[in-house]
Amino acid sequence: MTSQVSDAPAAGAGAAARAADLWKVYGSGEAQVIALRGVNVELERGRFTAIMGPSGSGKSTLMHCLAGLDTATRGQISVGDTALTGLDDGGLTRLRREKVGFIFQQFNLLPTLTAEENILLPLAIAGRKPDPEWYRTVITTVGLADRLTHRPSQLSGGQQQRVACARALVSRPEVIFADEPTGNLDSRSGAEILNFLRRSVTEHGQTIVMVTHDANAASHADRVIFLADGQIVDELTAPTADAVLDRIKRLDAAPVAGAAE
Amino acid sequence: MIKASLRGLLQRKLRLSLALIAIVLSVGFLAGSLVLSDTLNARFGSLFSTINANVAVVVQPKDPQAVDPVRLTDDQLRTLSEVDGVRAVSPDVSAQGVIPFRSDDGEPVSADAMLGFGVDGKDDPLGLVELREGSWPQAADEVTVTAYTAELARVKRGDSLKVYVPVLNEPRTFKVVGVAGYSGGRDSLAGESVVMFQQAYAQETFYGATGRYAGASFAADEGVSDTVLKQRIAEKLPSGFKALTGEESSEEQSAQIGVVFDFIKYILIGFAVLAAVVGVFLIFNTFNIIVAQRTRELALLRALGASWGQVAGSVLLEALVVSVLGATLGLAIGAGLGAWVEHMLIGEFELPSAGIIVKPITVVLAYALGVLVTLIAAFVPAVRASSVPPVAAMRDVVRPDKSLVALSVVGAVLAVPGLALVLTGALADMGGTAFLVLLAGAVLLFVGTLLLSPLLARPLVRGLGALIGRGSAGKLGVRNAVRNPRRTAVTAAAIIIGVTVIGTAATVVQSFKTSLEDIMGDSIGVEVMIQASVTAAPDGRQGFNPKALDQVRAIPGVKEAAAWHFDALNVSVANQPSAFGIFATDVGQASRMFPMDAVDGSIRTLAAQELVVDDNTAETLKLKAGDRTPVVIGGVTRDYTVVGVYKTTPIILGILVGLPAVEDFPGPLAFQGFVSLNEGVDAAPVVAQIEKIMKDYPGVQVGDRQSYVEQATASYDLLLTAVEWLLIVALVIAVLGILNTLLLSIVERTRELGLVRAVGLSRGGLVWMVTVESVLITVFGVALGLALGVGLGAAFTKALITIEFASVIAIPWLDLLQYLAIAVVAGIAAAVLPARIAARLNVLEAISYE
């Protein structure tokens, strides 16, 4: 698996993750909610993809399913060359160890560990040693060299999220999934994080999928996918913030019949 | 406000149910103990009311235990039976320890009481005993037995029956001429054996002359009340006697029997106290946790206008409800426990039950204990709850753990002087007071250490964690265990308490045993020992006839055989009651068989009115060689000369007199016999031969040197077993406590658990992480408890060595390892449920858990 991991960041080499006819249904009978209605999507390697949509559009569900955190009701999902459908908990655990990285809105650092220990946690769990050169690169990029011995409680929100980014990057996963990574940050810290994600795609060929409802954040991506009522309704390549806002306005103006919420 | 706290109660069922179990356990043991003794008393009460069913008045000696008790004469009995209102008289001629032998294998019968009566050949005037077949005994060599006795001894009418007669101190053979039973068709009242002799023979044998009675029971005429008859009889009563109504006599007798079972009652009370002490910690932790979890909710209540008193009150109300519930359950379970233990104790007795007795006082005490324990434990959490600032409702208010400084300072202030006292008690030579100093020091040190335990938790758990915290999951477990040292320490407190007690007891017992074995191995000349079993204070009326040792001396290979007589009943030396009693033996012979070094005067065979004494006792009594001092044996006071003082050892100590003094003893039987063998003689066949000789003396045991050590330490082993059971109770509660803490941690750390799963930790890894935390808490408690326990045990042993009761400090490594292993298993067991819950968490839900 190690060889695949090191091969992964080669830009443009096919899909890093894909979903085919993906359905997700919660509950049953009257309480039934359909979150995803037959989504087909392919996320290219070495690109920064943003998923946008109104609340309840299914954007978070899509990401959770792609990342193996949630199971699909129907359809095919694969990350790299691994099909997620039918994987048991052990298989999903291995997938998370080797192919997927996460960045959360709530940072989710372990308070008992220092910044450095938090960054190295996924490698420690997988029993792997960090590549020292890559580790130094990551640390320098996120600008945490002088904060490594601090505990999360001694760091600002922006610093904590940078630790979380470093944690996701350090194992060089096939895909990093970021769930509203700037949602809990002020605009300056948020911009830092976005620049930083952008650079890791451009300079290191990392694949990143980010869920956001912030047009400005989405403008850092190579491609924006718009979801509404559990379906992909639009797409934008090389977006600007204005273009994104424009599309959102159009989506709001013509709501799809029967949208969830 | 009340509604809010009651609703909260229902939402925290699981957490509170653990606190509930702690209350149930302590209340259950207390109620069990009380129900046991009341139920026992009721059962025996029903027995004696059966015996006294037709009895209006009982006349008996004021002091039946006296060496030479007063007896009623024929004339006195006649005077009493002529009192107006007496319908019938049943005189009492009886003895205990009348033991039939089985007809087939010659072994003595074993029954719950073994009685002998003298009967006058007529039917029982009180109608309790009825002849079923044959006749009452008419000659000195005839007996009638109860049906149950006939069954036990495997005899029928016409057979001959060998019976050990206590005052004759040897067995005799009689002819069975009749079989009797009790009214109502019962073969026995309570599983007792009864041999009935001709009255004159019994009087002569038991009391030394005909025409003597121990007392009598009287039935009243129609219309004469028991109390009236008692008053009339009391007027004619000879001196030294007292009259009781039948009811009073029943009460007195059942109270005497109840005492026999008191030790079980005390063990259960010990369990109750331990469960209560340990339970306080668990309940404290539970409520602390609940308050911490409810910070936002409590703040909201404050923000909406609740006073701090209302907030504290709501926590206390919750505690009150839990405690009442727990006490109710505990009471029910305790009643069951008491009834069950009573059944186990009495199961082999043929005594009908009188039902389970739960007295009002039992109910009151059960609720008092449950409520008190809970409210004490919930007090600090309630105060904490009341100090939540209202602003915490709006945003997260960081409430850092209070610093450990104040707690640790108090701990040190207690522990340091405690340690100093313990060291002083152990090392300074100050005789008996050393134990008081030690005990005071031990308590201070123990409480101090408990207070210091949060401070010790971090470094100790880290150190232990380095050993078992393998892998990244293990390391995370270690981090979690040291994360909140207060919580870890409080959770481990139950284990610290239990293990300290067991560690101390195990070390003292082991040291004592090793010392005994050392001395036995080094310096004793005794290969075989003969020992009477103790059923009452030995006074020469139990044991074997010293004449039997002549047969022992004739066995080839036997070098010497020494008889030791022992009187522990009302003896005094130098005007002080002698707690250890007085031994009579050939001291010259004893000094050849046992290590007895003279430190003053000489140790030799003693003549009449001479004694030797060990140096500790001599110091206490202020005696030295050459002194004359009054000695009371068997009610006779004589002046004795102190011939010598010998060095105290764990096996020989106390006051020794010569064989001539046995004349004054209440009975002539030897209590112990010691046999030395010639060089190279195998002890086993000699033991077998001596056993054959001693067969005529029921209750006398024969064994080799090893069995002597075992017997000498048996009571300590029993103590240790009781303490081990205490440990188990403490561990059960400790497991509940750990379970409690871990469940809480899992709720608190749901997001973290989700995260470590999201970044690749397997389910197994998560289980391991939780298990490591649990085992670390347990092992921390055990390590601290063992260090404290072994240290205190060694200190107590050192003090014992100073007064020559022991010779070495021996640490029972094997036992300690066992305790450690049990604790690790308990730690793992405690982790099972929380680890499963953690492993089953849905990663996605966990990570977005608020």
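Hi everyone, thanks for coming. For chain A, the mean pLDDT is 85, with 91% of residues at 70 or more. Chain B has a mean of 84, and 93% of its residues reach 70 or more.

Where pLDDT is low, the predicted coordinates should not be read in detail. In chain B, the lowest confidence falls in helix α1, residues 2-11, at a mean of 60. The highest in that chain is in strand β8, residues 142-146, at 94.

Now, chain B as a whole. It contains 24 helices and 26 strands. Its C-alpha atoms fill a box of roughly 100 × 70 × 50 Å along the principal axes. Of its 850 residues, 53% are buried. If you take the contacts in chain B with a separation of 6 or more, 82% of them join residues 24 or more positions apart.

On to the nonpolar cores. Which residues touch the most other members of the largest core? They are Leu22(A), Leu62(A), Phe102(A), Leu121(A), Phe177(A) and Val756(B), out of 170 residues in that core.

Let me zoom in on Leu121(A). Leaving out residues up to four places away in sequence, Leu121(A) touches Leu110(A) and Leu113(A) in chain A, and Leu476(B), Val756(B) and Val759(B) in chain B. There is also a second, separate core of 68 residues, and Ala548(B), Leu549(B), Ala561(B) and Ala670(B) are among them.

Next, the domains. The assignment for chain B lists domain 1 as 57-258, domain 2 as 430-522 + 713-850, and domain 3 as 534-698. How do domains 2 and 3 of chain B meet? Their centres, taken over C-alpha atoms, are separated by 47 Å. At the contact between them, 7 residues of domain 2 of chain B meet 8 residues of domain 3 of chain B. Together these two domains bury about 680 Å², and 72% of that is on carbon and sulfur atoms.

Is Glu192(B) buried or exposed? Its relative accessibility is 7%, so Glu192(B) counts as buried. What does the side chain of this glutamate reach? One partner is the side chain of Tyr182(B), through a polar contact of 2.7 Å. Another is the backbone nitrogen of Leu189(B), at 3.0 Å. Beyond residues up to four places away in sequence, Glu192(B) touches Ala111(B), Ala113(B), Leu115(B), Tyr148(B), Thr149(B) and Tyr182(B). Asp112(B) is 80 residues from Glu192(B) in sequence, yet their C-alpha atoms are 5.3 Å apart.

Moving along the chain, look at helix α5 of chain B, residues 199-207. This helix is largely enclosed by the rest of the structure, because 7 of its 9 residues are buried. Those buried residues are Gln199(B), Tyr201(B), Ala202(B), Gln203(B), Thr205(B), Phe206(B) and Tyr207(B). After α5(B) comes Gly208(B), with a positive phi near 85°.

Thr362(B) lies in helix α11, residues 360-386. With 1% relative accessibility, Thr362(B) counts as buried. Apart from residues up to four places away in sequence, Thr362(B) touches Ala31(B), Leu34(B), Val35(B), Asp38(B) and Leu331(B).

Val321(B) is in helix α10, residues 308-346. At 29% relative accessibility, Val321(B) counts as partly exposed. Val371(B) is 50 residues from Val321(B) along the chain, and 8.9 Å separate their C-alpha atoms.

Terms used:
Residues are numbered from 1 along each chain as its sequence is written. Chains are lettered from A and ligands numbered from 1 in the order in which they are written. Side-chain values use heavy atoms; hydrogens and water are left out. pLDDT is the predictor's confidence in each residue, from 0 to 100. A nonpolar core is a set of buried Ala, Val, Leu, Ile, Met, Phe, Trp, Tyr and Cys residues joined through side-chain atoms within 4.5 Å. Buried means under 20% relative accessible area, exposed over 50%, partly exposed in between (1.4 Å probe, protein chains only). Contact means heavy atoms within 4.5 Å. A polar contact is a pair of N or O atoms within 3.5 Å; within protein, one must be able to donate a hydrogen and the other to accept it, and residues adjacent in sequence count only if both atoms are side-chain atoms. Domain bounds come from an automatic or database domain assignment. Buried area is the accessible area (1.4 Å probe) that two parts lose on being put together, summed over both. Helices (H or I, at least four residues) and strands (E, at least two) are DSSP runs, numbered from the N terminus.
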